[in-house]
Amino acid sequence: MSGSHGGDYRGAMAIHRLNHAVLFVRDLTRSVAFYRDVLGFRQVPMTPEGFDGAAFLQAPGSTNDHDLGLFEVGSAAGPSGAGRTTVGLYHLAWEVDTLDELSVIAGRLSEAGALAGSSDHGSTKSLYGKDPDGLEFEVVWLVPADRLDEQALAARRRISRLDLDREKQRYGGQTRGGVGVSVPS
């Protein structure tokens with residue numbers, strides 16, 4: 001089977017998108033409030049029997065059944081050692097449509113004391129956040145394929161400071177990101 005990007009994918013698993021992620025959290029109520037109030041997720045009423053201490057959330061505009069599952073493990077749980085003392089997942093990256101949306105998220109994360117950093121990777125503009133349990137995530141805007149010029153492509157070789165105002169002047173605050181990259185043209 002040949003993929004739309006010209007590669008030979010026989011026997012390979014062709015992934016179209018991330019459907020959902022599941023996180024273990026200390027305090028379910030606190031985590032639901034964070035993902036709801038800061039990132040705009042909404043709780044979906046679908047907790048099956050036997051899943052006490054679980055919540056399922058959907059991102060704004062998503063057509064997935066749920067995008068995030070949260071399973072409470074209790075206040076005695078230690079912090080994740082992933083990347084420091086154990087192997088494990090570093091972070092997930094959620095893509096937003098516009099730089100204006102990325103700016104709003106930057107403000108919300110900052111207001112909540114959850115903005116851990118930001119960076120310009122040339123073809124991606126990224127914010128890094130931490131939830132109440134210190135689990136890291138990324139919120140990213142991708143430069144559309146038709147705007148990937150030499151400057152943006154060359155900048156992928158280094159990580160620079162993100163200047164959202166400058167990027168909005170360059171690409172436009174309402175320019176839809178990822179078109180021709182992660183979103184079909």
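Me: Which residues form one aromatic cluster?

Reply: This is a predicted model, in which local features need pLDDT of at least 70, side-chain atom pairs count only at pLDDT 80 or more, and totals for chains, interfaces and linings use all residues. Residues are numbered from 1 along each chain as its sequence is written, and side-chain values use heavy atoms, with hydrogens and water left out. Rings of Phe, Tyr and Trp (its six-membered ring) pair if their centres lie within 6.5 Å; planes under 30 degrees apart count as stacked, over 60 as edge-to-face and the rest as tilted. Here, one cluster is formed by Phe34, Tyr35, Phe41, Trp94 and Phe137.

Me: How many aromatic pairs does a search of the whole structure find, and why is the pair of tyrosine 35 and tryptophan 94 edge-to-face?

Reply: The search finds ten aromatic pairs. The ring centres of tyrosine 35 and tryptophan 94 are 6.3 Å apart and their planes stand at 85°, so this pair is edge-to-face. Helices (H or I, at least four residues) and strands (E, at least two) are DSSP runs, numbered from the N terminus. Because tyrosine 35 lies in helix H1 and tryptophan 94 in strand E5, the pair ties together parts 59 residues apart in sequence.

Me: Is tyrosine 35 buried or exposed?

Reply: Buried means under 20% relative accessible area, exposed over 50%, and partly exposed in between (1.4 Å probe, protein chains only). Tyrosine 35 is buried, at 1% relative accessibility, and tryptophan 94 is buried with a relative accessible area of 17%.

Me: Which residues have the most contacts inside the largest nonpolar core?

Reply: A nonpolar core is a set of buried Ala, Val, Leu, Ile, Met, Phe, Trp, Tyr and Cys residues joined through side-chain atoms within 4.5 Å. The largest one has 33 residues, and those with the most contacts inside it are Tyr35, Leu39, Leu68, Leu70 and Leu109. Helix H2 (99-111) is among the elements that give two or more residues to this core; its five residues are the largest share. Contact means heavy atoms within 4.5 Å. Beyond its neighbours within four places in sequence, leucine 70 is in contact with residues including Leu23, Val32, Tyr35 and Leu57.

Me: Where is glycine 172 found?

Reply: Glycine 172 is in the segment after H4 and counts as partly exposed, at 21% relative accessibility. Leaving out residues up to four places away in sequence, glycine 172 touches Leu99 and Glu167. Its C-alpha atom is separated by 7.4 Å from that of leucine 99, 73 residues apart along the chain.
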